[in-house]
Amino acid sequence: MFSAYAELEERMRARLGGRECLYVPSCRFGLYLALRHWCRPGGRVLMSPVNDDVIFFVVLAAGLRPVQAPLDPRDGSIDTAAVPESVWRDLSAVLTTNLYGNPDPAPELRGRCDRLGIPLIEDAAHAIGSTVDGRPVGTYGEASVFSLSKHTAAKTGGFLALADPGLREELAAARDALLHPTRTTAELAHLVRPYAESTLRGLRLVGAARAAVRRLGLEEREEIRMPLRAEELKQALTAAPALEPFHSWVRVDMHDYRLRPGSGRLRRTTRRFARLDDVLDAHTAGTVLLLASEYGAPEASPGGAPQPLYRVPLLVEDRDAAVAALARRRITTGYLYDPPLDSYAGEAFTDPSPAPGPAAWFARHALPVDPRRADEALGVLRGAGIRPAKPSLVPGGTR
């Protein structure tokens, strides 16, 4: 078990220029470890309102108060200039999102955190190959978390990367104390799932495939956001910080998020991770094509270098019509985050953004497209007469 962890960790350490890496069963689990280590309960964490709601519940589970940041409507990155000084002064940490792989302004955020004496924690689930000013995303913060469920399609696994290697032993012990034991049934389901899905799709039984995935507890959303269940959430907050009271929210779409991996799962993950560079090359090529289209906003990419985005957020006037047009060609649109978290959760559970307009606009108009299907997706959108949306028309919406 240790040797399998060590191989994965060494591969990731090399990608991050030697930064210490700790294998975790999921990005959300790694983020919980980081927040618990660096933030005292009751602290306030600046984060993006256009983000997976699972991450919102992880922040709450860590006993922290989410504070929603203003965003740049071109790419959904945090707009540091629009955060009031009064908000900065009350923060305990900053959590980046690097949405779809578009980097948040890490150098600016690093400088702010240094002046305030608070940690920067990078959520790099979508950004395993992205860079800012020539440095990999995930090398600016005290801690960063990565997912192997995204670019590698391993459907499991991730890393907690640490600026201070001296913390490895302490955080490894915290990880092991929170992991659930390996379950044979869960390991078999994980190993069989890709073949079952492939067979059902090959038979053009997409509905059956989705139903099978839902029966396995691996996809549970009927809408973009999961039900908030406000009264239950208020009760859970009384027990924070702790994972168990928030388990029904944090586990959504990934019931094995804190499961100790078995040898078969680790072997498959290692094989997929070894092919990551080829995958990133394909994502970069498609990203360049999509951002250069009428639906892209190439000027939004910090540093100017093409990024291997996990999904490219094309900006369209009518996103629902675009989603339907793509679905007719069997192109599934996932990773939508609408409405923003402050609208979804309300002031009972989060501080709203001081400038919510750009985030609401981006959430409504962003169409995340898999860059490996760039040509096909653009053909569908153009053929359906989908019109681009213009972020320059959003009042106060650009840096």
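Me: Hi! Which side chain does Glu9 meet in a salt bridge?

Reply: That of Arg168, at 3.0 Å from N to O. A salt bridge here is a side-chain nitrogen of Lys or Arg within 4 Å of a carboxyl oxygen of Asp or Glu. Glu9 lies in helix H1 (residues 2-15) and Arg168 in helix H6 (residues 168-178), so the pair ties together parts that are 159 residues apart in sequence. Helices (H or I, at least four residues) and strands (E, at least two) are DSSP runs numbered from the N terminus.

Me: What sort of model is this, and how are residues numbered?

Reply: It is a predicted model, in which local features need pLDDT of at least 70 and side-chain atom pairs count only at pLDDT 80 or more, while totals for chains, interfaces and linings use all residues. Residues are numbered from 1 along each chain as its sequence is written, and side-chain values use heavy atoms, leaving out hydrogens and water.

Me: Back to Glu9, is it buried or exposed?

Reply: Glu9 is buried, with a relative accessible area of 2%. Buried means under 20% relative accessible area, exposed means over 50%, and partly exposed is in between, using a 1.4 Å probe and protein chains only.

Me: How many salt bridges are there in the whole structure?

Reply: A search of the structure turns up 24. One of them joins the side chains of Arg13 and Glu20, at 3.0 Å from N to O. Both partners are buried: Arg13 has a relative accessible area of 17%, and Glu20 has 14%. Another pairs Arg110 with Asp114, at 3.0 Å from N to O. Those two are four residues apart in helix H5 (residues 106-116), which puts about one helical turn between them.

Me: New topic. Which residues of H5 are buried?

Reply: Ala106, Leu109, Arg110 and Cys113. Seen down the axis of H5, these buried residues fall within an arc of 105°, so they line one face of the helix. The arc is that of the directions from the helix axis to the C-beta atoms.

Me: And what do they pack against?

Reply: They pack against H4, strand E4 (93-96) and strand E5 (120-123). Just after H5, Gly117 takes a positive phi of about 70°.

Me: How about H13, which residues are buried there?

Reply: In H13 (residues 319-328), the buried ones are Arg319, Ala322, Ala325 and Leu326. They fall within an arc of 120° seen down the axis, so they line one face of H13. Exposed residues Asp320 and Arg328 sit on the face turned away from that buried side. Among what covers the buried residues are helix H15 (357-365), strand E11 (366-369) and helix H16 (374-383).

Me: Which residue caps the N-terminal end of H13?

Reply: Asp318 does, with a side-chain oxygen 3.3 Å from the backbone nitrogen of Asp320.

Me: You mentioned H16. At what angle do H12 and H16 pack?

Reply: Helix H12 (residues 276-291) and H16 pack at about 25°, with their axes 9 Å apart. Axes are lines fitted to C-alpha atoms, for helices over the stretch in contact, and angles run from 0 to 180 degrees between N-to-C directions. The two helices are therefore roughly parallel to each other. For reference, angles under 35 degrees count as roughly parallel, over 145 as roughly antiparallel, 65 to 115 as roughly perpendicular and the rest as oblique.

Me: Which residues meet between them?

Reply: Gly286, Leu289 and Leu290 in H12 meet Ala374, Asp375 and Leu378 in H16.

Me: Where is Leu22 found?

Reply: Leu22 is in strand E1 (residues 20-24), and it counts as buried at 0% relative accessibility. Leaving aside neighbours within four places in sequence, its contacts (heavy atoms within 4.5 Å) include Glu9, Phe159 and Arg168.

Me: And where is Asp75?

Reply: Asp75 is in the loop between strand E3 (65-68) and helix H4 (85-89). At 2% relative accessibility, Asp75 counts as buried.

Me: Last one: how many helices and strands does the protein have?

Reply: There are 16 helices and eleven strands. Buried residues make up 55% of the 399 residues.

Conventions. A polar contact is a pair of N or O atoms within 3.5 Å; within protein, one must be able to donate a hydrogen and the other to accept it, and residues adjacent in sequence count only if both atoms are side-chain atoms.
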